[in-house]
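These are my notebook entries on a structure that I had not examined before.

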Amino acid sequence: DNHKIIYAMVGGIIQSISVYINDKIIVDQTILCTIQVMKTEITIISDYNRKLYHIYIKSNQLINTDDPLFIIKLDQ
């Protein structure tokens with residue numbers, strides 16, 4: 001499969017989305033989004049280098065653990 005889905009590690013509210021479709025994603029550097037959980041901010045970063053293909057979420061959306069957040073397209 002040439003796509004990888006990034007899932008939520010915790011449930012909470014999407015505070016901000018920092019990327020757009022087709023943005024270049026750099027492993028451990030590109031912030032994808034911030035989730036607010038019980039007044040704590042959790043930053044989600046990518047484990048993959050490539051381009052952002054799809055965004056499942058919107059700002060202020062309530063999400064659950066293991067909800068899909070983003071799809072990273074792995075082929076060049």
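The entries below go from the source of the model to the sheets, the core and selected residues.

**Entry 1: basis.** I noted that this is a predicted model, in which local features need pLDDT of at least 70 and side-chain atom pairs count only at pLDDT 80 or more, while totals for chains, interfaces and linings use all residues. I number residues from 1 along each chain as its sequence is written, and side-chain values use heavy atoms, with hydrogens and water left out.

**Entry 2: the record.** I looked up the annotation and found that UniProt, in an unreviewed entry, places the feature "domain: Lipoyl-binding" at residues 5-72. Positions from UniProt are given in the numbering used here, feature names are shortened, and annotations may be inferred rather than shown by experiment. I then checked that span: it is 0% helix and 54% strand, and its end C-alpha atoms lie 6 Å apart. Helices (H or I, at least four residues) and strands (E, at least two) are DSSP runs, numbered from the N terminus.

Entry 3: Strand 1 and strand 8 (residues 68-73) run antiparallel and are joined by five bridges. Within strand 8, K73 is the residue opposite H3.

Entry 4: I followed the order from strand 5: six bridges pair it with strand 4 in the antiparallel sense, and I42 in strand 5 stands opposite I35. Strand 4 is joined to strand 2 by four bridges, the two running antiparallel, and T34 in strand 4 is the bridge partner of S16. Strand 2 (residues 12-17) pairs with strand 7 over two bridges, also in the antiparallel sense; here L62 in strand 7 stands opposite I13.

**Entry 5: the core.** Which members of the largest nonpolar core touch the most other members? Of its 16 residues, these are C33, L69 and F70. Such a core is a set of buried Ala, Val, Leu, Ile, Met, Phe, Trp, Tyr and Cys residues joined through side-chain atoms within 4.5 Å. Strand 4 (31-37) and strand 8 are the elements that give two or more residues to this core, and strand 4 gives the most, with four. I listed the contacts of L69 (heavy atoms within 4.5 Å), leaving aside neighbours within four places in sequence; among them are I6, I14, C33, I44, I55 and I63.

**Entry 6: I71.** This residue, I71, lies in strand 8. I71 counts as buried because its relative accessibility is 11%; buried means under 20% relative accessible area, exposed over 50%, and partly exposed in between (1.4 Å probe, protein chains only). I71 and K4 are 67 residues apart along the chain, yet their C-alpha atoms are separated by 5.6 Å.

Entry 7: Is S46 buried or exposed? S46 is buried, with a relative accessible area of 0%, and its place is in the loop between strand 5 (40-45) and strand 6 (50-55). A polar atom of the S46 side chain lies 2.9 Å from the backbone nitrogen of Y48. T30, in the loop between strand 3 and strand 4, is buried as well, at 14%. A polar atom of its side chain lies 2.8 Å from the backbone nitrogen of I26. Not counting residues up to four places away in sequence, T30 touches S46, and V19, K24, I25, I44 and I45 too.

**Entry 8: two positive phi values.** D28 is not a glycine, although its phi is positive at about 60°. D28 lies in the loop between strand 3 and strand 4 and counts as exposed at 53% relative accessibility. For D66, also a residue other than glycine, phi is near 75°. I placed D66 in the loop between strand 7 and strand 8, where D66 counts as exposed at 54%.

Note on methods. Two strands pair if DSSP finds at least two bridges between them. A polar contact is a pair of N or O atoms within 3.5 Å; within protein, one must be able to donate a hydrogen and the other to accept it, and residues adjacent in sequence count only if both atoms are side-chain atoms.
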